Amino acid sequence: MAQATPKRQKTDNVNRDSEFFTGIGPVEYRPDAEPSESLVFRHYNANQEVLGRTMEDWLRFSVCYWHSFRGVGSDPFGGPTIKRPWDDGSDSLDNAKRRLRAAFEFFSKLGNKYWTFHDRDLAPEGLTFAETNANLDELVDLAAELMKKTGVKLLWATCNLFAHPRFMHGAATSCDAHVTMYAAAQVKKGLEVAKRLGAENFVFWGGREGYHSLLNTDVKAELDHLAAFYRMVIAYKEKIGFRGQLLIEPKPKEPTRHQYDYDAQTVMAFLHQYGLSSHFKLNIEPNHTTLAGHPYEHDVVFSSAFGMLGSIDANTGSPDLGWDTDQFPMDIRSCTMVMKTVLEQGGLAPGGLNFDAKVRRESTDLKDLFVAHTSAMDTFARGLKNAARIISDGVLTKSINARYLSWTSGLGARVAAGEATLEECEKAVMQRGDPKPKSGRQEYFEAIVNYYI
């Protein structure tokens with residue numbers, strides 16, 4: 001007779017009352033704090049109302065688990081520089097649980113209401129897929145307990161379909177159907193976890209969904225396979241009753257030479273082409289937007305214009321470097337323009353502002369983790385207040401409307417409505433002659449924005 005498989009024993013060799021960030025208390029709102037005081041909010045006041053809603057409602061801040069609690073300061077040119085006191089560097093479940101407890105202490109002291117994670121950030125892979133799922137279940141049990149205790153919610157979950165060598169040719173777009181099946185099984189589990197933890201969204205970032213060379217790539221087949229993959233996701237989401245919003249995150253390149261989700265317009269075109277637009281929205285990361293050669297707020301504005309802005313990964317990069325540095329957003333103008341779009345579309349819910357950002361590899365103190373988040377939260381709070389003033393005063397809107405005034409009446413209005421003909425346009429030109437130059441007044445518009453910043 002075959003021996004029964006021993007029952008898996010859960011472990012949690014961590015003192016549940018341990019404090020990981022000793023000497024650091026809850027971050028307070030103190031608008032008059034001295035410049036040298038870094039662990040305070042000067043602008044972010046969660047309960048302050050802006051245009052009829054609280055800052056907390058407009059901003060919906062979230063801490064991402066992978067950068068803040070799995071990041072070790074490594075980069076393409078150097079190894080780890082950051083060592084956390086709770087992390088022994090192992091892939092043990094005890095270490096994973098200790099890390100998770102430290103994270104929830106951080107969330108509570110920072111005062112944010114949401115967090116995000118990849119499945120493989122949370123729990124290590126096992127020797128088999130079944131063991132991997134069991135590891136994840138054990139950490140999800142603890143996450144559910146900590147979420148209930150602290151009141152912190154899950155903004156979104158996602159699956160890491162890019163780091164493991166099995167995904168070197170992509171996941172949903174792999175040349176090997178077995179790899180795509182594995183990715184599908186992983187997402188099935190991810191959706192189940194997301195439902196259990198009450199995730200408000202589920203994100204897909206196609207880290208290796210693209211190509212390095214067109215010589216060995218059937219792009220039409222790969223995009224067809226990607227669409228088929230998403231259709232399976234939609235079907236299972238509906239089958240299990242997961243109510244979260246599905247999101248796709250654009251990025252133009254890195255790690256692939258070209259990624260199929262290049263920018264917001266590319267993703268929207270893909271969704272439209274395959275009849276998937278009603279099931280997805282976009283999770284915009286401005287650092288990715290600038291990698292595509294666009295201004296910081298470009299993808300936020302474009303996706304919002306077509307009702308497709310679902311959430312934002314709040315970070316920035318260094319355009320002079322030309323790679324994805326995932327820095328904390330500290331530029332007030334950029335945050336102002338993003339928040340102007342968020343206000344104009346009535347908010348981000350069920351999405352939010354997720355700090356997909358990491359401290360610099362030279363910022364090795366525990367305090368730096370708090371300083372980075374509090375400063376970024378303050379920057380977005382200032383951006384929110386600036387944007388509210390821009391909208392309330394209406395000067396910018398009036399100036400934009402004046403620029404397009406010719407489209408609001410007469411033949412211009414009929415052209416806009418799709419009611420005019422080429423013959424009518426020809427007749428109008430014959431009567432009026434050449435159009436007169438009309439200034440774009442770009443410097444004037446820049447001056448208006450600078451006034452509010």
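These questions and answers explain some labels used for this predicted model.

The model is predicted, so local features need pLDDT of at least 70, side-chain atom pairs count only at pLDDT 80 or more, and totals for chains, interfaces and linings use all residues. Residues are numbered from 1 along each chain as its sequence is written, and side-chain values use heavy atoms, with hydrogens and water left out.

Q: Why is the contact of Arg98 with Asp88 called a salt bridge?
A: A salt bridge needs a side-chain nitrogen of Lys or Arg within 4 Å of a carboxyl oxygen of Asp or Glu. The closest N and O atoms of Arg98 and Asp88 are 3.2 Å apart. That is within 4 Å, so the pair is a salt bridge.

Q: What does this pair tie together?
A: Arg98 lies in helix H3 (residues 93–110) and Asp88 in the loop between helix H2 (65–70) and H3, so parts ten residues apart in sequence are tied together. Helices here are DSSP runs (H or I, at least four residues), numbered from the N terminus.

Q: Why is Arg98 called buried?
A: Buried means under 20% relative accessible area, exposed over 50%, partly exposed in between (1.4 Å probe, protein chains only). Arg98 has 18%, so Arg98 is buried.

Q: Why is Asp88 called partly exposed?
A: Its relative accessibility is 44%.

Q: What makes Glu192 and Lys188 a salt bridge?
A: Their closest N and O atoms are 2.7 Å apart, so they meet the rule. Both lie in helix H6 (residues 177–196), four residues apart, about one turn of the helix.

Note on methods
Helices (H or I, at least four residues) and strands (E, at least two) are DSSP runs, numbered from the N terminus.
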